[in-house]
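Have a look at the picture first, then read on.

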Amino acid sequence: MDAGQTGHVFIALASHPDGALLSPLDDAGEPAGEATVLARAALPAEVSRREFTSDRSSKDAADRPRWVWDDTTTWYPPLLAAGVRVERCVDLRLSHAILRNSELTAQTPLARAVRNGWDEPTPEDQAQPRDGSRGVDEGLFDLEPEPGSERTSALPDPVAEFRLQREAVAASDDPARIGLLLAAESAGALVAAEMQFAGLPWRAELHDRLLTELLGPRPKPGERPAKLAAVLERVRDALDAPELNPDSPVELMKTLQRAGLMITSTRSWDIKKLRHPVVEPLLEYKKLARLLSANGWHWLDANVRDGRFRPDYVVGGVVTGRWASKGGGGALQLPKQIRGAVVADPGFKLVVADASQLEPRILAALSGDAAMAEAGRAKDMYAAIVARGAVKTRDHAKVAMLGAMYGATTGESGRLMPALAKAYPRAIGLVENAARAGERGEVVTTRLGRSSPRPGANWRELQAAAYGESSTDADASRARGQARSWGRFTRNFVVQGTAAEWALCWMATLRGALRELGGSAWLTDAPHLVFFLHDELVVHSPAAMTDAVVAAIGSSAIEAGRLLFGSTPVEFPLSIAVVDSYADAK
DNA sequence: TCGTGTCGCGCC
DNA sequence: AAAGGGCGCGACACGA
């Protein structure tokens, strides 16, 4: 992957009454050839032609096109469905969101412009009744949309926007970093579309078997499965409450209190601390009930088709730059209990890789703390922290590092902080500074230039009021609490956000390597990404090619570290497993 | 009966 | 071993 700074051919795609308008552009977004109009139906063939007439074997990639479009989620799926992949793109909507907020581009015309269509969420996110029905009052002022024009008016001219974006990058405090971030984000958008197209291999019959083992056979609608019902009876007996419905927190809390238990919540973690015969069956009930409602037969029916689970990934859906998912899938929360349903196709393997202790390593590299970076060279960073003598045990090292990144102040984690700060002053100083900035309402920024949002109007009013003459102690206390809370957010933002950048670079680099490995084979016949979970990814690969895939995953991780940090002593080790079933990884 | 808010819990 | 960050979702609670 590269930052797209120089030498590339850009081709903007825009909706047009007759189909699509193709506009060749140069680095600055100025016309670099004649614009042409194509019928939509002719677009895949033309995109394919432009991709393949590029000289793939050349080391100089200057003539490979970079497709410039408003939104990857609207342009790319139809191309994939037509059997056409693209190598690179510029996703203007995602790029705009980054440039609009980044401290690195704050002084540019793009960032200073009034909010416009590019600041709106992607069209799919806008309210649309799920079942297609409309309320009676809706539509009174609706005009009949012209055929094919639904999206045309959604976003302004992509060529003008692209020009503004190139200008903003060039004028930024660090064009290489922000350029890399935009390239990585756009590559992520391509991966997300390709992963949804390919789908995660999912064996419904194995899922059903897992559910049956844990819950009992699939019950009639409205009934509890047998094993869940049995556990429920044990809960009711233990509390002498034959009608109890533990799914109701209110009811459960009252019943527990009636049984003499001092409790103010019904969370498993709180219930675990009680000593009462109900604890064991109740925790068991909660676990099984959760499985049934979140990933039971209903989930299976709704989300798995033709042996594939195809989640909706939302690139940049989290303010820190992590991905989110939407729809009933819950793709980023797949419980370990059901991962046994994810099984490679015949002749294929799953290559599952995750970055070990990613966030503490990111902090070490980001801060340039030589002592922590030294620990960050080790395969087990926490053990290395113990070896330095900062803390006594590996568990302490882990809890202390988590506390440093999340902002723990109390408990064991809080008590360990002074020792950690003494051993690693620069690293801890970095997160402390980020926290103080947040408490003052200021913005913090990741390694590549993604900036945190500013706190909302309520927060600012609360802070201002705390300093007013009529403020009470309660006002001041509440304001302090809110300020610290925002500080914990900005503290975590720099680490989580930079880790997300590392993961994006890792995945984008790997995507390119897998494409090389696949040669002329179509996406799903060659090794291809099928899942991504913050610091973990899964490649579905022909069994004969897994050695090469493992090597590519490793070299991509090294490249990601180099892209973000240049030369750093910190290493980013992976644990990689080649398996048939996802449940067998780790 | 509906939409919205809260809780609890899955993942990192 | 702690209760600190980020999410999405289902179920329940509640008010219109």
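## Ground rules

Two strands count as paired if DSSP finds at least two bridges between them. Helices (H or I, at least four residues) and strands (E, at least two) are DSSP runs, numbered from the N terminus.

What you see is a predicted model, where local features need pLDDT of at least 70 and side-chain atom pairs count only at pLDDT 80 or more, while totals for chains, interfaces and linings use all residues. Residues are numbered from 1 along each chain as its sequence is written, chains are lettered from A and ligands numbered from 1 in the order in which they are written, and side-chain values use heavy atoms, with hydrogens and water left out.

## The four-stranded sheet

Let's start with an open sheet of 4 strands, in the order β12-β13-β11-β14, with antiparallel pairing. Its edge strands are β12 (528-532) and β14 (574-579), and each of them pairs on one side only. On average, neighbouring strands here are turned by 20° against each other, direction ignored. (Axes are lines fitted to C-alpha atoms, for helices over the stretch in contact, and angles run from 0 to 180 degrees between N-to-C directions.)

Zoom in on β12 and β13 (residues 536-542): this antiparallel pair is held over 4 bridges, and Leu529 sits opposite Val539 in β13. Helix α21 (residues 546-565) lies across β11 (348-355), β13 and β14, at about 165° to β14; contact here means heavy atoms within 4.5 Å.

## A loop residue

Between β13 and α21 there's a loop, and Ala544 is in it. Is Ala544 buried or exposed? Ala544 is exposed, with a relative accessible area of 78% (buried means under 20%, exposed over 50%, partly exposed in between, with a 1.4 Å probe and protein chains only). Ala544 and Gly347 are 197 residues apart in sequence, yet 8.3 Å apart in space, C-alpha to C-alpha.

## The five-stranded sheet

Next up is an open sheet of 5 strands, ordered β3-β2-β1-β4-β5, and its pairing is mixed. The edges are β3 (36-38) and β5 (89-91), each pairing on one side only. From one strand to the next, the twist averages 25°.

β2 (residues 19-25) and β3 pair in the antiparallel sense over 3 bridges, and the bridge partner of Leu21 in β3 is Val37. Two helices lie across strands of this sheet. Helix α3 (residues 92-101) covers β4 (65-69) and β5, running at about 55° to β5. Helix α5 (residues 158-171) lies across β1 (9-16), β2, β4 and β5, at about 145° to β1.

## Two helices meeting

Helix α2 (residues 72-81) and helix α6 (residues 175-198) pack at about 45°, with their axes 10 Å apart. That makes α2 oblique to α6 (under 35 degrees is roughly parallel, over 145 roughly antiparallel, 65 to 115 roughly perpendicular, and the rest oblique).

Who touches whom? Thr72, Tyr76, Leu80 and Ala81 in α2 meet Ala189, Leu190, Ala193, Glu194 and Phe197 in α6. By class, that contact has 7 nonpolar, 1 polar and 1 charged residues (Ala, Val, Leu, Ile, Met, Phe, Trp, Tyr, Cys and Pro count as nonpolar, Asp, Glu, Lys and Arg as charged, and the others, Gly among them, as polar).

## A hidden helix

How many of the 10 residues of helix α13 (residues 358-367) are buried? The count is 10 of the 10, so α13 is largely enclosed by the rest of the structure. Among the buried residues are Glu359, Arg361 and Leu363. Just after α13, Gly368 takes a positive phi of about 65°.
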